[in-house]
Each structure stands twice: as C-alpha cells, then as structure tokens.
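Please look over the model shown here, then work through the questions and answers that follow.

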Amino acid sequence: MTLVQSPEHTALREAVGDFLARHLPFAKVRDACSSERTHNDEWFRFGAELGVLGLAVPIDHGGSGASLAEQAVVLEALGGCLALPAYLSGEILAPALLMGSADPEAVKLLTRISAGDIRVTVGLTAETRDLDDSTSSNSWNVRATATVADEVGPGRYTVNGVKTLVPDVHGATAVLIPARTAAGLVVLAVDLAAPGVKQRSLTTLDITRPMARLEFDDAAAILVVGPETADAVIEHALDLARTAIAIEQVGGAQACLDMTVAYAKTRVQFGRPIGSFQAVKHACADMLVAVESARSAAYHAVAAYQSEEFPIAAAMAKVVAGEAFVDVAAQTIQLHGGIGFTWEHNAHLFYRRAHSTSLWFGDADSQRELLIQRLGF
Amino acid sequence: MSDLELFRSRVRHWLDMEAPRNGWSYDDDTAELTESEHLLRAQKCQRMLIEAGLANLTWPTEFGGQGLGLAEQVVFNEESRACNLPLRPFIIGFGMCAPTLLALGTPDQQSRYLPPLLAGDEIWCQLFSEPGAGSDVASLTTRAVRAGDDWIVNGQKVWTSGAHFSDYGILLARTDPDVPKHKGLTMFIVDMRSDGITVRPIEQMDGGARFNEVYFDNVRIPAGAVIGTVDDGWHAALTTLSNERVSLGAARPLDEVAGATELAAAARSLGRFNDAVVRQEVARVWIAGRVVELLGERVTAAILQGQIPGPEGSLSKLCRTEYTRKASRLGSKLAGTSAIAWDGDSRAAQALLYTPSLSIAGGTDEVLRSIIGERVLGLPKEPVGNDRRPLRESTRSKL
C-alpha cells in the first residue's frame with residue numbers, strides 16, 4: 001500500500017461498504033450492544049463469499065495471502081459504522097501472534113481461523129495492579145505482566161493470572177495471552193472452556209465493543225510463541241494493534257465529519273443553515289484537517305508495515321488518529337446541539353469509541369514518549 | 001527502468017554534480033548576500049537548469065518549457081528537496097504570473113512575455129492587495145480610466161513581494177465602479193519601470209523587508225496590456241490565486257524554524273531532555289512536522305499514480321502554520337533567557353517573530369477555513385451583505 005488507495009482497494013472498499021450498508025445499519029449495531037448477539041455469522045458468510053477472511057494469512061494456511069493494506073480497507077469501513085469489533089482481535093492480532101509461532105500445530109490454528117471454524121481472541125492487557133513494576137502505570141508494558149506459567153510437558157503449561165480488556169470473548173473458542181515463565185516471556189493459547197478459566201463481562205465505555213476480564217487458575221495452556229522470540233512478536237503485535245486502531249479511528253472520524261457536515265447543511269437556525277455561520281463552518285474545516293492528518297499518519301503506518309520505520313509510524317499513527325477522533329467526535333456532539341446529547345443519536349457511540357480506542361494500547365502521552373525513545377533523540 | 005525513473009536518475013545525477021559546486025545547499029550561508037547577488041545567483045541557476053533541460057518542466061516547448069507532465073515535476077521536486085536551489089525571486093512569476101498569461105494572455109502577449117519570464121531574464125510581481133482590500137481583494141479601489149488608446153492608473157497596492165526588483169507585474173484595477181464589486185475589475189500587464197510608479201519597502205515586524213507598497217500616480221498602460229477581457233478581471237484573478245494555492249501548497253522543506261531534531265539536541269545540551277514535559281513537546285513538534293510532510297506526500301503519490309489529489313493539498317498550509325507555531329514556541333522556551341535578550345543572533349527569537357506571517361500570507365487561516373468549508377465540504381456560503389451593490393455605493397469607497 002502507498003499513501004493513496006489503488007483501484008483494487010477502492011473496489012474492495014465499495015464491496016465492504018455495500019455489505020455493511022445492507023446488513024449492518026446502525027440500528028443493528030445498536031441492537032447488538034444491548035444483547036449478547038453479534039453479527040459474526042452474516043459477516044462470515046459475506047467474508048467467505050468476498051474472500052476477505054484471512055486476508056493477511058498466507059495462502060498455505062488457508063488465507064488469501066493479501067496484506068495489511070487490504071485489511072486496512074476493511075477496518076476503515078468497519079470503523080465508519082462501528083461494526084464487528086471482533087475483526088481486530090480475530091483477523092489481525094491473533095494471526096499476527098500465531099504467525100510468530102515456530103510450532104506447526106499452533107500455525108495450523110491459522111487455517112482453522114481462516115476457514116471460520118474457530119475464533120481466537122487476544123488478551124494483551126494486564127491489570128495494572130498485577131504489575132510488579134510499581135513505578136510503571138503503563139498497562140501495555142507486557143514484559144511486566146504478572147501472569148505466570150509453568151511448563152508441565154513439551155509445549156504444555158499451566159497458567160495463573162489475570163487479563164483484562166479482553167475483547168470479543170463471546171463467540172471465541174480460545175485466547176492468546178503473554179505470560180512469564182522461568183525461561184522468559186511466552187505467548188500461550190488457552191481454551192476458554194477449559195477448567196480454571198473464569199470470565200466476567202465488563203461494562204465498557206464503548207458499548208459497541210464488548211470486553212471481559214479473564215482469570216486463569218492453574219488453567220491448561222499450549223505454547224504458541226517461545227521465549228526466544230516472544231518479546232519481539234508481542235511488541236510487533238502491539239504496534240500492529242496501534243496501527244489497526246488508528247485506521248479504524250480514521251473510519252470513525254470520517255463518519256463523524258460526514259454526519260456533522262450533512263447536519264450543518266440542513267439544520268436551520270436564525271433563518272439560515274447553521275453551516276453558513278463561520279463559527280460552524282470553521283469548526284467543520286478544522287475537523288477535516290484532523291481527519292486528513294489522521295488519515296495521512298495511519299496510511300503511512302500501514303505503508304511502513306514490515307519496514308524499519310514501522311515502530312515509529314505506528315506510535316505516531318496512534319497519537320494523531322486518536323487525538324483527531326477524540327476532537328472530531330466531541331465536535332460532532334457540539335455541532336449537533338441538544339440532539340447530539342441524546343441516547344437516540346449515534347454521536348455518543350462514536351464519542352465512546354473515540355475515547356476508548358485512544359486509551360487502549362497506550363494513550364497519546366505514552367505513545368509520544370515511545371516515539372521519542374524510538375526516534376533515538 | 002521506466003521513463004520516470006530514468007528522468008529521476010538524470011535529475012539526481014545533475015544535482016549531485018552541480019549542487020555542491022554552486023553552493024545550493026542549506027548549509028551554505030547566504031545571509032550576507034545583497035539582493036542583486038541573490039538575483040544573479042537565481043538567474044545563473046535557471047540558465048543552468050535550462051541548459052540541462054531541467055527547467056520549466058511542465059511548460060509547452062514553444063515558450064521554452066520541456067512539455068513534460070506533472071509526474072516529472074513531482075519527481076524533480078522530490079529530488080531537489082534536499083538542495084536549496086536559489087530560485088526564490090522567480091516564485092511569483094513562475095507560480096502565478098506565467099500560468100495566468102498561459103490561461104488568458106493573447107498569442108502576442110504570450111510570445112512576448114512568457115519566454116523571457118520562464119528564462120528568468122525578466123522578473124514578475126503580482127499587484128492585487130491594497131490597504132483597504134486584504135482578504136476581500138474584490139473590494140479594491142485602484143482605478144484604471146480609459147484615455148484614448150491607453151489606461152491611466154491611480155491608487156496604491158501593498159504586500160507586493162519583490163516589486164523593487166521586478167520588470168513587470170500583473171495588476172488588478174477597477175475599471176467600472178458602477179457594477180457589483182466582482183464585476184468591474186480588469187487585469188493588466190504593467191511595466192514596473194513606467195513613470196508614476198513608486199515602490200517603497202515595508203519593514204516587517206521581524207525586521208525583514210520582503211514586501212513593498214507600490215503607488216500608482218497617473219501611470220499610463222497601453223490598451224494591449226489588458227489580460228483577458230475588460231471588466232472580467234475577477235475571473236483572471238481567480239486563475240492567478242488558484243495557482244498561488246498550488247505553488248504554496250507544494251511540499252517545501254520545513255526549514256524556517258528549528259525542528260524537532262534540533263530542539264531535542266538543544267534540550268539535551270541544556271540537560272532538560274529527561275524532563276517528561278519537554279519530551280512530550282518535542283514529540284508534538286516532530287509529529288506536526290511529519291503530518292505536513294505526509295499530506296504533501298499523499299498529493300505527490302496521487303499525481304504519480306495518475307489520480308486527482310483529494311482535499312489534503314488545501315489543508316497543508318493550515319497544518320504548516322500549526323507546526324511552525326509549536327516549533328517556534330518550544331524553541332523559545334528552550335532558549336529561555338536568551339530569547340529575551342542575546343548577544344549576536346537568536347534563532348529562537350527570529351523564529352518567534354517570523355511565525356505570525358504564516359497564518360496571514362497567501363490567504364489568512366480564517367479565509368482558508370471558509371474556502372475549505374465551502375469548496376471542499378460544500379457548506380453554504382455566508383449571506384452576501386453588501387457584496388452585490390456597486391462598489392461606489394459601499395460606505396468605505398472613495399471612488
């Protein structure tokens with residue numbers, strides 16, 4: 001991918017957009033928020049039909065051998081309608097961890113994910129109070145995770161600890177988690193139905209994105225990524241998460257801008273459309289600046305994937321897209337006036353998504369610090 | 001290798017050879033050069049580019065151009081970004097006057113003026129703004145009155161870059177005060193050495209003097225010097241100004257103020273780079289600068305792939321202002337006492353004093369936001385106020 005979308009990407013975007021408009025209008029997305037229902041079944045049927053499942057998984061493992069660029073097109077469209085948050089965990093982060101595995105058995109899981117047989121989520125977040133490094137308030141300092149595992153046989157472990165903010169547990173069969181062992185950091189796969197795994201649904205700021213707290217009490221686990229490479233694989237997965245979230249945020253921020261501009265053209269006060277007032281017009285122009293800045297940074301991170309520049313680009317994308325989405329979503333409520341503060345209106349769903357995703361995997365301050373370290377200033 | 005890559009290697013090879021031996025680098029200090037020395041450097045550079053077949057890339061060959069596409073121009077810009085080609089005196093002529101002449105000039109005007117303009121032999125300036133017509137250029141009151149075969153011009157222009165070393169200018173003047181303000185304007189070619197023209201430099205708040213006031217006192221312009229149609233000068237002006245946005249929007253290096261790398265080094269040498277607040281601010285500057293670059297790279301990438309660039313080009317000026325503001329403020333904080341008083345030079349103070357110009361020149365940030373709101377987002381225009389009335393009736397007019 002380069003900084004502009006190719007004709008193929010445009011075609012993919014239109015196909016996904018078309019599916020979402022037909023099958024996942026806001027009414028359905030909202031409906032899912034108040035129940036345990038998800039729309040994964042429809043998505044899997046469509047995904048199989050269009051070949052957008054397993055986009056980044058190699059053909060050998062049942063994927064389509066495409067790249068993050070194609071996934072970014074899908075993610076941006078999903079972000080625009082707040083749909084299918086499981087795409088991030090199941091289609092992007094889980095494959096990234098599994099592809100880091102040297103174990104053929106673990107890699108085979110990829111084939112089953114791509115076929116839609118199993119759904120795997122990821123639990124990268126330790127509870128802050130679990131951290132033994134009390135000077136760090138960074139929940140994404142994975143090396144400091146207090147989740148520990150003991151090897152009980154070749155590739156077999158028992159794990160103890162807590163993961164929080166685990167997305168999309170409902171409907172998933174397994175979770176991938178980092179844990180500390182005597183030999184160092186590893187990534188393990190845990191069957192969510194196994195004895196010793198307790199899950200509790202959390203109340204989420206972003207009501208479109210379910211999250212759970214998982215407790216592991218001598219739960220059985222299998223090794224996915226060994227201590228030789230786990231550090232690097234996890235760090236890479238975190239940067240991938242930041243990039244993917246930035247893309248999703250671009251989709252969300254663009255939807256907010258579109259919604260607001262449409263409203264400013266039709267809402268009449270003082271005898272004229274409010275968009276003709278400079279105070280409103282200039283606010284909309286600033287929203288466009290924010291959206292296009294975010295798009296530039298996020299597309300750049302996707303383009304830099306697999307290059308040396310990726311860690312820098314990912315941290316920057318997380319800052320720029322996160323701050324843009326937060327500002328744009330807040331302005332969306334403001335420029336809609338009273339109606340924007342109602343539960344009925346969709347503006348608050350974007351506002352919730354904006355703040356939630358901006359904090360997830362590292363807030364803007366933490367990413368700026370990371371950026372400074374990575375730039376080597 | 002594609003034609004474009006061949007072209008790129010030709011540009012790179014030439015610049016590698018010529019830039020070092022001609023002092024076209026950001027490290028070469030040109031601050032001590034006089035204005036006429038700057039002009040000679042510019043003209044020498046342009047002549048060398050012409051000889052190498054690398055000047056006026058997108059211009060038709062009949063006027064001395066290379067007849068190439070935007071893609072070649074983009075490649076040239078990318079390759080020459082690291083050099084400091086001393087072409088600044090030509091910016092107005094190449095970027096605004098020549099495109100206007102190409103779009104609206106008569107064949108005679110084009111064959112007379114375009115070749116020497118593009119060769120760098122004749123320098124051009126642009127005479128639109130007036131003391132009473134800044135953002136609202138169409139309300140200008142410099143009068144051109146028909147007198148036989150000529151026009152007689154009286155009035156005052158302001159913010160004219162390079163008027164004092166220009167040979168010609170494009171002038172916007174009012175030819176009919178009895179119609180709504182956008183309708184009674186005409187654009188002229190004016191010989192800057194005509195009798196009755198007085199050029200006075202404007203001393204800027206940062207101590208520089210790159211702009212001028214230009215007074216017209218019964219200046220005689222021949223009828224053949226009208227560009228386009230009499231009383232249709234607003235249309236001509238829009239042509240010029242749209243080119244201004246393109247040339248100002250083109251990615252230029254962010255070198256006017258100290259950037260993140262330099263600020264980080266300054267903080268480190270002051271022992272302040274362990275300060276979390278300072279680190280955050282350096283990161284903010286780095287990111288803001290990178291966003292400006294990436295907006296430019298998206299325009300470039302779109303052109304190279306044969307696509308029409310999106311709205312990002314019109315946004316880069318606003319982002320550039322924001323970047324410069326952040327960088328110059330952090331620079332002054334790090335400079336501390338030496339931004340208050342200093343011995344010799346203070347780059348930090350200079351940056352602070354330069355910064356306010358960016359959000360004014362080439363369209364204020366406020367005007368740009370209105371343009372973005374209306375033309376990019378399609379929001380409704382402001383109600384028109386007195387715009388539709390003849391200028392003579394408006395209260396400020398002294399016509």
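**Strand pairing and helix packing**

Strand β1 (residues 120-122) of chain A and β5(A) pair in the parallel sense over three bridges, where pairing requires that DSSP finds at least two bridges between two strands. This is a predicted model, in which local features need pLDDT of at least 70 and side-chain atom pairs count only at pLDDT 80 or more, while totals for chains, interfaces and linings use all residues. Residues are numbered from 1 along each chain as its sequence is written.

Q: Which residue of β5(A) is the bridge partner of V122(A)?
A: The strands β1(A) and β5(A) pair in the parallel sense. Within β5(A), the residue bridged to V122(A) is L176(A).

Q: In which sense, parallel or antiparallel, do β5(A) and strand β6 (residues 184-191) of chain A run?
A: The two strands form a hairpin with two residues between them, and P178(A) has V187(A) as its bridge partner in β6(A). Eight bridges join β5(A) to β6(A), and their sense is antiparallel.

Q: Why is strand β5 (residues 174-181) of chain A described as largely enclosed by the rest of the structure?
A: Buried means under 20% relative accessible area, exposed over 50%, and partly exposed in between (1.4 Å probe, protein chains only). β5(A) is largely enclosed because, of its eight residues, the number buried is seven.

Q: What is the angle at which helix α4 (residues 68-81) of chain A and helix α5 (residues 86-99) of chain A pack?
A: The axes of α4(A) and α5(A) are 11 Å apart. The helices are roughly antiparallel to each other, a term for angles over 145 degrees. Their packing angle is about 170°.

Terms used
Chains are lettered from A and ligands numbered from 1 in the order in which they are written. Side-chain values use heavy atoms; hydrogens and water are left out. Helices (H or I, at least four residues) and strands (E, at least two) are DSSP runs, numbered from the N terminus. Axes are lines fitted to C-alpha atoms, for helices over the stretch in contact, and angles run from 0 to 180 degrees between N-to-C directions. Angles under 35 degrees count as roughly parallel, over 145 as roughly antiparallel, 65 to 115 as roughly perpendicular and the rest as oblique.
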